[in-house]
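Someone meeting a protein model may want to know on what grounds its parts are given their labels. Here is the structure to look at alongside the questions.

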Amino acid sequence: MQGTVATYDASTRSGVLLLDDGTELAFPARAFDASGLRLLRLGQRVRIERNADGEVVRVTLPTMA
């Protein structure tokens, strides 16, 4: 699943993604930390991994495996 960074707070390492269907999806610091990324930019395209409960567990760049 992919989306676009709508908000990102570098101090808390969490934010909100905007999915392609317009749905907003919050992500916690642990999902950002799992990515290995150092920062995100507003409007940046990202890939989202979710667990069985639908919680975001990892936010990465679309080109990262």
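The questions and answers below set values against definitions.

This is a predicted model, in which local features need pLDDT of at least 70 and side-chain atom pairs count only at pLDDT 80 or more, while totals for chains, interfaces and linings use all residues. Residues are numbered from 1 along each chain as its sequence is written, and side-chain values use heavy atoms, with hydrogens and water left out.

Q: What makes S1 and S4 paired strands?
A: Strands are DSSP runs of E with at least two residues, helices are runs of H or I with at least four, and both are numbered from the N terminus. Two strands pair if DSSP finds at least two bridges between them. Strand S1 (residues 2-9) and strand S4 (residues 45-50) have three bridges and run antiparallel, so they meet this definition. In this pairing, Gln2 has Arg47 of S4 as its bridge partner.

Q: How do you know that S4 also pairs with S5?
A: Four bridges join S4 to strand S5 (residues 56-60) in the antiparallel sense, and Ile48 has Val59 of S5 as its bridge partner. The hairpin of S4 and S5 has five residues between the strands, and Gly54 there takes a positive phi near 90°.

Q: Why is Val56 called buried?
A: Buried means under 20% relative accessible area, exposed means over 50%, and partly exposed lies in between (1.4 Å probe, protein chains only). Val56 has a relative accessible area of 2%, and is therefore buried. Val56, found in strand S5, touches residues including Leu25, Phe27 and Ile48 (contact means heavy atoms within 4.5 Å).

Q: Why is the pair of Tyr8 and Phe27 called stacked?
A: Rings of Phe, Tyr and Trp (its six-membered ring) pair if their centres lie within 6.5 Å, and planes under 30 degrees apart count as stacked, over 60 as edge-to-face and the rest as tilted. The rings of Tyr8 and Phe27 have centres 6.4 Å apart and planes at 10°, so the pair is stacked. This pair links Tyr8 in strand S1 with Phe27 in strand S3, 19 residues apart.

Q: What makes the pair of Tyr8 and Phe32 tilted?
A: The distance of 5.2 Å centre to centre and the angle of 45° between the planes make this aromatic pair tilted. Tyr8 is in strand S1 and Phe32 in helix H1, 24 residues apart. Ring pairs link Tyr8, Phe27 and Phe32 into a cluster.

Terms used. Lists of a residue's contacts leave out its neighbours within four places in sequence.
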